[in-house]
Amino acid sequence: MAKLQGFEFWRKTLGEARFVVAPMVDQSELAWRLLSRRHGAQLCYTPMLHAQVFVRDANYRKENLYNEVCEEDRPLITQFCANDPEVFLQAAALAQDYCDAIDLNLGCPQMIAKRGHYGVFLQDEWELLERMVSLANEKLSVPVTCKIRVFKEIEKTVRYAQMLEKAGCQLLTVHGRTKDQKGAMTGIASWEHIKAVRKAVNIPVFANGNIHHLSDVERCIQETGVQGVMSAEGNLHNPALFEGRSPPVWEMAEEYLEVVKQYPPCSLSYIRAHLFKLWHHTLQIHQDLREDLAKVKTLEGLAHVSAQLKQRCQEEISGGDEKDGGLPLPHWICQPYVRPPPKPAVTNGSCQEAEVRSTVCQKRALEDSDRTAEGLSKNKLKKRSRNPNKNFCPELKPKYLKCEQCGNPKGNKCVFSLCRGCCKKKAFKEVADCPSHGLRFKTKADKQKAEEDQQKECERTEASVTEPDRNKQTAQAAAASCREQTEQTEA
């Protein structure tokens, strides 16, 4: 059967999916996907998987994909991060029988993606991306899709999307934020960029960004013309978003915990993270239970804390003493969390005020309790107390030299001028030491050889000492034998 492409793939395989749950690291696991599907989601992505680890580690494959096979969990797209065409192809080939398409992550803006050289940090390497997408499109039995972030310039974003389409991408998800729009500088996603991409390509396009309610979904489709809308943060705070409902938090929490029990195993850290998201607004009020939720070590313990939160909320409701959290809805109702707008920040005490990026943010005003008047977080203040000369200005931070093999920061005093991972492989292969990375392969080998030589010497010494005793025992045995023969002769 020929592989479906473009709109045919979207219509027949994905069932014209409009409501999509985004790939979220450690968050879009099987249990959460099933919960989201029960409340209106039509298509889900796996969490981002690391292609290189997926290829080499069988346990990683089982834990993150193979053990999560479920008939209810379709259609499903598996997402990988990668920066090598062959590795991406190998990982995708191992996953293609367990999903409906393979997605290449070109949108992750986090520091770990920068260190690993993947995600949005590949968006300027068009030749590499073209090879990766075209090779996978040619060899795989399922379609290849991509998830990207936009450039500041609409024209460049359009050319970027057209390049991926030409390489063989069959569906494109466009997150309407740039590489730098993250964390406190997240801002508003540009639907204008998404609209321009949709008009310029001949494959289905999903929009991502600014989705908090079902009304946002409908408005985005109407304004941009996309085929579907993807939600990440909005879905985490309200799994019933695509139903157009805002249910009580405990309703979603209890249902999620039931799904977790029905489809184990599920990492406790995933469950805890989901409960923190669902109960986010309530935990701002009941800080003691926030600490309890962070400390418990069992599924039953997490369920107990969630039940306590439910009880307190119901007591507030019955007593008419609802706490005002400055929210549009009561804190115990599922609703999105919107980050406060970015503030002018002092980057390093004596440094001049950092230039604030001009991103217009329609955000709910919250007291930023984690920041001081200087603009430094509590964590940075702790670092400043330990080191008064600590520098937080990105422009003044030292530029790290790259590893010759993988591009990660190399060790400053590494004997091979490599990062620790590459240095370990090389030192093991050559039986060498690298004091900078604490690797002692040569030292250990020399020590083992010395111990073996010492053991052999001890054995030789022991043999030379016991040899006279053996000769004496032999002589005594011979004399005894001679006496016995003499006695028999006389008899």
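What follows looks at helix α2 and then at a few other places in the chain. Which residues of α2 are buried, and which elements do the buried residues of α2 pack against?

Analyst: This is a predicted model, and the description below rests on values computed from it.

Helix α2 covers residues 30-38. Eight of its nine residues are buried, so the helix is largely enclosed by the rest of the structure. The cut-off matters here: a residue counts as buried when its relative accessible area is under 20%. The buried residues are L30, A31, W32, R33, L34, L35, S36 and R37. The list includes R33 and R37 as well as L30, L34 and L35.

The buried residues of α2 pack against both strands and helices. The strands are β1 (19-21), β2 (43-45) and β4 (76-81). The helices are α11 (233-237), α12 (249-262) and α13 (268-278). After α2 comes G40, which has a positive phi, near 110 degrees.

As for the whole chain, it has 19 helices and 11 strands. Of its 491 residues, 44% are buried. Among contacts with a separation of 6 or more, 63% join residues 24 or more positions apart. The chain exposes about 26500 Å², and carbon and sulfur atoms supply 49% of that area.

T224 lies in helix α10 (residues 214-224) and counts as buried because its relative accessibility is 5%. Leaving aside neighbours within four places in sequence, T224 is in contact with W191, I194, K195 and R198. T224 and H193 are 31 residues apart in sequence, while their C-alpha atoms are 8.9 Å apart in space.

N137 is found in helix α7 (residues 126-139). With a relative accessible area of 18%, N137 is buried. Not counting residues up to four places away in sequence, N137 touches K3, V144, A167, G168 and Q170.

K383 is partly exposed, with a relative accessible area of 33%.

Terms used: Residues numbered from 1 in each chain as written. Predicted model: local features only at pLDDT ≥ 70, side-chain atom pairs only at ≥ 80, totals over all residues. Heavy atoms only, no water. Buried < 20%, exposed > 50% of the residue type's maximum accessible area, 1.4 Å probe, protein only. Helix = DSSP H or I, 4+ residues; strand = E, 2+ residues; numbered from the N terminus. Contact = heavy atoms within 4.5 Å. Areas by Shrake-Rupley, 256 points an atom, 1.4 Å probe, with all protein chains shown as cover.
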